[in-house]
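Colleague: Please take a close look at one part of this model for me. I want the nonpolar core and the helix packing, with the residues named.

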Amino acid sequence: MNICVIGTGYVGLVTGTCFADFGVNVSCVDKDTSKIDMLKRGEIPIYEPGLKEIVDKNINEGRLTFTTDLSESIKKSLVIFIAVGTPPKEDGSADLSYIEEVARTIAKNLNGYKVIVTKSTVPVGTGKLIESIIEKEQGEDHKFDVVSNPEFLREGSAVEDFMRPNRVVLGARSEQAIAIMKDLYSPLYLIETPFVITDIETSELIKYAFVYKRGRHHL
Ligand SMILES: NC(=O)c1ccc[n+]([C@@H]2O[C@H](COP(=O)([O-])OP(=O)(O)OC[C@H]3O[C@@H](n4cnc5c(N)ncnc54)[C@H](O)[C@@H]3O)[C@@H](O)[C@H]2O)c1
């Protein structure tokens, strides 16, 4: 399966690298050319135990690539993860402008059925917002599904948290999208990771409830 991860920050880089290690072909995309150049040279912009070794291994085995070409990555992927930043605005609410920009780019490049997954931490209703942007702006009429799959990794143990999570939360309306997501995460089934399958809004709420309980540094 080909997937892409949009946004190669903390969450995107760990997510993309770990999925490549699960055996999936992953294209990690960022609009920051210097970050992508660095990654192509084998330099990792963040320190996270074990990450460099897995990046190197999966580049060498041909499953992990880094690019700034968002259109091409979208076109060749069945699953598209959105992992761009959602920084707080002055009033404390999340700035969704990066998410909206990515949704518009996905809409323009839809060339067949795709699953669009939000990894970024987003307020309840963002999945619906992404759906409506894509429906409104897509050029051709292709079917797509939106999935909420929040990330709970902690800096300093991010690889371990991704590879051995306490739970995987998947929020979607479509059985097909859930089946594709379960397939992607199949190595975690083997270690009996609990999967919480719910609707999109509940999944978005679960992440916010977690942040509320554990503190804003978990955003
Ligand atoms: N850092 C954490 O520990 C953590 C944990 C769980 C969830 N999250 C959430 O995950 C999301 C990402 O967090 P992060 O820390 O990885 O962010 P980050 O700011 O480190 O990285 C985001 C990346 O997205 C890129 N980007 C923005 N717009 C783009 C576009 N249109 N096309 C391509 N690339 C684009 C930026 O250049 C940047 O490299 C946020 O919503 C955050 O709240 C973070």
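Modeller: Start with Val-5. Beyond its neighbours within four places in sequence, Val-5 is in contact with Gly-12, Thr-15, Gly-16, Val-26, Cys-28, Val-29, Phe-81 and Ala-83. Keep in mind that this is a predicted model.

Val-5 belongs to the largest nonpolar core, which has 53 residues. The residues with the most contacts inside that core are Val-5, Ile-6, Ile-80, Phe-81, Ile-82, Ile-106 and Ile-116. Helix 1, residues 10-21, gives the most to this core: six residues.

Helix 1 also packs on helix 3, residues 51-60. Their axes come within 9 Å and cross at roughly 55°. Angles from 65 to 115 degrees would count as roughly perpendicular and those under 35 as roughly parallel, so helix 1 and helix 3 are oblique to each other. The crossing of these two helices is left-handed. On the helix 1 side, the contact uses Val-14, Thr-17, Ala-20 and Asp-21. Helix 3 answers with Leu-51, Ile-54, Val-55 and Asn-58. By type, the residues of the contact of helix 1 with helix 3 are five nonpolar, two polar and one charged.

Helix 5, residues 97-109, packs against helix 6 at an angle of about 40°, and the axes are 8 Å apart. Helix 5 passes helix 6 in a right-handed crossing. From helix 5 the contact takes Ile-99, Glu-100, Ala-103, Arg-104, Ile-106, Ala-107 and Lys-108. Helix 6 supplies Thr-126, Ile-130, Ile-133, Ile-134 and Glu-137. The residues of this contact divide into seven nonpolar, one polar and four charged. Ile-106 ties this pair back to the core, where it is among the residues with the most contacts.

Next, Lys-119. It sits in the loop between strand 5 (114-118) and helix 6 (126-137). Is Lys-119 buried or exposed? The cut-off for buried is 20 or more other C-beta atoms within 10 Å. Lys-119 has 23 such neighbours, so Lys-119 counts as buried. Leaving out residues up to four places away in sequence, Lys-119 touches Val-11, Thr-15, Phe-81, Ile-82, Ala-83, Asn-149 and Glu-151. Thr-15, Phe-81 and Ala-83 are also among the contacts of Val-5. Lys-119 and Glu-155 are 36 residues apart in sequence, and their C-alpha atoms are 16 Å apart.

Two partly exposed residues follow. Ile-36 lies in helix 2, residues 33-40. It has 19 other C-beta atoms within 10 Å, so Ile-36 is partly exposed. Beyond four places in sequence, Ile-36 touches Thr-8, Asp-30, Phe-66, Thr-67 and Thr-68. Ile-36 is 30 residues from Ile-6 in sequence, and 12 Å from it in space, C-alpha to C-alpha. Lys-76 lies in helix 4, residues 70-76. With 14 other C-beta atoms within 10 Å, Lys-76 is partly exposed too. Lys-76 and Lys-114 are 38 residues apart along the chain, and their C-alpha atoms are separated by 9.9 Å.

Last, a backbone check. Most residues other than glycine have a negative phi. Glu-192 has a positive phi of about 60°, although it is not a glycine. Glu-192 lies in the loop between helix 9 (186-190) and strand 8 (195-198). It has 6 other C-beta atoms within 10 Å, so Glu-192 is exposed.

Methods: Residues are numbered from 1 along each chain as its sequence is written. This is a predicted model: local features need pLDDT of at least 70, side-chain atom pairs count only at pLDDT 80 or more; totals for chains, interfaces and linings use all residues. A nonpolar core is a set of buried Ala, Val, Leu, Ile, Met, Phe, Trp, Tyr and Cys residues joined through C-beta atoms within 7 Å. A residue is buried if 20 or more other C-beta atoms lie within 10 Å of its own, exposed if 12 or fewer, and partly exposed in between; C-beta atoms are placed from the backbone. Helices (H or I, at least four residues) and strands (E, at least two) are DSSP runs, numbered from the N terminus. Two residues are in contact if their C-beta atoms, placed from the backbone, lie within 7 Å. Axes are lines fitted to C-alpha atoms, for helices over the stretch in contact, and angles run from 0 to 180 degrees between N-to-C directions. Angles under 35 degrees count as roughly parallel, over 145 as roughly antiparallel, 65 to 115 as roughly perpendicular and the rest as oblique. A crossing is left-handed if the near helix is turned anticlockwise from the far one by less than a right angle, and right-handed if clockwise. Ala, Val, Leu, Ile, Met, Phe, Trp, Tyr, Cys and Pro count as nonpolar, Asp, Glu, Lys and Arg as charged, and the others, Gly among them, as polar.
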